[in-house]
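Please read this briefing alongside the sequence and the 3D structure.

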Amino acid sequence: MIELVLFGTFLVCLFIGVPVSMSMGLSAFATIVFTGGLKALAPASVILYAGLSSETLLAIPFFILAGVIMELTGISRRLVEFADACFGHMKNGIALTAILTALLFSSISGSGPATVAAIGGILIPALAKHGYSKRHAASLVATSGELGIILPPSIAYIVFAVVAADYAGPGVDRVTIGRLFMAGVVPGLILVLVLYLIARFLPRDMELAKSNAATHLSQAMGKNPRSRDMTVTATGDVAKTADNTGLLTIDDVTPANASSGGGIGMRASRAPAGVVFKAFMRAVPGLLVPVIILGGIYGGIFTPTESAAVASVYALVVGLVFTRELKLADVFKIFTSAGIMSGRIMLIIASATLFAYVITRNQIAKHVADWMLSLTDSMVLLVLIINLALLIAGMFLDAISAFYLFIPLFVPVLLELGMNLTTIGVMMTMNLAIGLITPPVGIDLFVAASIAKIPFGEAVKGVVPFVVSGIAVLMLVTFIPALSNWLPDLLGL
């Protein structure tokens, strides 16, 4: 009955449109009152405060601040230009540029939606100019944004390490943030490879669109239709068709999209060494951020929280002194924006802490664990059931809410089945990362569709192969623990 009150109230609140943070808090309050009356609410304020007082959680607002600053200092654009200088000449080089830029920026922001928002404005138009349908351009960038919470540093790993410490049980070593950061590297790189392979085999109509655009242009300008450089120089852009294909032709050039992504991936030959070096030097300030964060942590110089604070100060200095794309007048706006984003996350954490307290106090986690273990003796089947539950949850919940909701329920079961906390952390994070691109919510996909100016349903059609491939990589990580444990074990973490 207690389980019905807790989860029933939570689901009803979600159904009627109450925000997730409020839904978790209200359902927890309702359950406390149901089991102990109004007097039982007395310790609630202490629990809410305790949920926010962890020093480790201070890393979250600092990582958010660093990401906001880096986005506004032109770092994302410089990372795109560097990746394009290295790979833009290759066939499908623009797709590789998009994926690698997401990899680089995710190592700064630690957030999937932030990564998509930062690079999407440049790369989605560039992919479209290169002949990709808009739905595939949006879905590729949205899926690349998954890397933001799989690769280090990741806000999701920080939360998992904090929450899982209370549910690991006796005799189980606590998993550190540093170990989780390194555990995400190999799965993240596998996902990078898979994304690129899929991008290479997207529908060939994109080649037809490029050919038609070049032919129409050559007829208008008297140029050789096979001269790619002349095509780009003459127009600076190719835009969306007026038909229903979503492909780009010469007939729809507009000033609005001509200014975004122009020239990216439009080179027929390898960039000269001088151009690559210049692009690298411009990108160095951004490339140094993950070096500072991860180098400080693994070098024993900083704690994760301290490294996030140092990264924020470094980003501010870069923007004000080196790139000079920040003005003192912008600083207040930056801190206000980061403060609002941090406040939303901390509100979720506070409510989720009370929710987790109710689960623990009423032994709901133990009841769920016993029930699941009684369903079947097959470890594989149980793990698949848990993965399915997490995938569905990821469609509706952000990673932080989902961790507080499901870690108390699933971690004891998975530990009983013989999985280690490192593999569990990466597995749960990858499930929720896939949820970022899966409807009906799919926040990464929603952001990318908004940038591409296409209906959300259109973007959903393009993301199907990426979701399937993400699940395939998830299965590898789930059933081959070495993929997540090899690197941290090698480094002695």
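The points below go from the whole chain to single residues.

This is a predicted model, in which local features need pLDDT of at least 70 and side-chain atom pairs count only at pLDDT 80 or more, while totals for chains, interfaces and linings use all residues. Residues are numbered from 1 along each chain as its sequence is written, and side-chain values use heavy atoms, with hydrogens and water left out.

**Overall make-up**

- The protein has 25 helices and two strands; helices (H or I, at least four residues) and strands (E, at least two) are DSSP runs, numbered from the N terminus.
- Of the 493 residues in the protein, 54% are buried; buried means under 20% relative accessible area, exposed over 50%, and partly exposed in between, with a 1.4 Å probe and protein chains only.
- Among contacts with a separation of 6 or more, 77% join residues 24 or more positions apart; contact means heavy atoms within 4.5 Å.

**Packing of helix α1**

- Helix α1 (residues 2-15) packs against helix α2 (residues 20-36) at an angle of about 150°, and their axes are 8 Å apart. Axes are lines fitted to C-alpha atoms, for helices over the stretch in contact, and angles run from 0 to 180 degrees between N-to-C directions.
- This angle makes α1 roughly antiparallel to α2; angles under 35 degrees count as roughly parallel, over 145 as roughly antiparallel, 65 to 115 as roughly perpendicular and the rest as oblique.
- The crossing of α1 and α2 is right-handed; a crossing is left-handed if the near helix is turned anticlockwise from the far one by less than a right angle, and right-handed if clockwise.
- On the α1 side the contact includes I2, V5 and L6, and on the α2 side it includes V20, S23 and M24.
- By class, the contact of α1 with α2 has twelve nonpolar, five polar and no charged residues. Ala, Val, Leu, Ile, Met, Phe, Trp, Tyr, Cys and Pro count as nonpolar, Asp, Glu, Lys and Arg as charged, and the others, Gly among them, as polar.
- Helix α1 also packs with helix α18 (residues 328-361), at an angle of about 155° and with the axes 11 Å apart. The two helices, α1 and α18, are therefore roughly antiparallel to each other.
- L6, F7 and F10 of α1 meet F355, V358 and I359 of α18. The contact of α1 with α18 has six nonpolar, no polar and no charged residues.

**Aromatic rings**

- A pair of aromatic rings is described by the distance of the centres and the angle of the planes. Rings of Phe, Tyr and Trp (its six-membered ring) pair if their centres lie within 6.5 Å; planes under 30 degrees apart count as stacked, over 60 as edge-to-face and the rest as tilted.
- By this rule there are six aromatic pairs.
- One of these is the tilted pair of Y157 and F181, at 6.4 Å centre to centre and 55° between the planes. Y157 is in helix α10 (residues 155-164) and F181 in helix α11 (residues 177-183), 24 residues apart. Both Y157 and F181 are buried.
- The ring centres of F446 and F456 are 6.3 Å apart with the planes at 50°, so this pair is tilted. F446 is in helix α23 (residues 443-452) and F456 in helix α24 (residues 456-479), so the pair ties together parts ten residues apart in sequence.
- F446 is partly exposed at 45% relative accessibility, and F456 is partly exposed at 22%.
- F7, F10 and F355 are linked into a cluster by ring pairs.

**Single residues**

- K453 sits in the loop between α23 and α24. K453 is not glycine, yet its phi is positive, near 60°. With 69% relative accessibility, K453 is exposed.
- I434 belongs to helix α22 (residues 421-435) and is buried at 2% relative accessible area. I434 and G470 are 36 residues apart in sequence and 6.5 Å apart in space, C-alpha to C-alpha.
- T305 is in helix α17 (residues 304-322) and is buried at 10% relative accessibility. Not counting residues up to four places away in sequence, T305 touches E55, T56, L58, A59 and F62.
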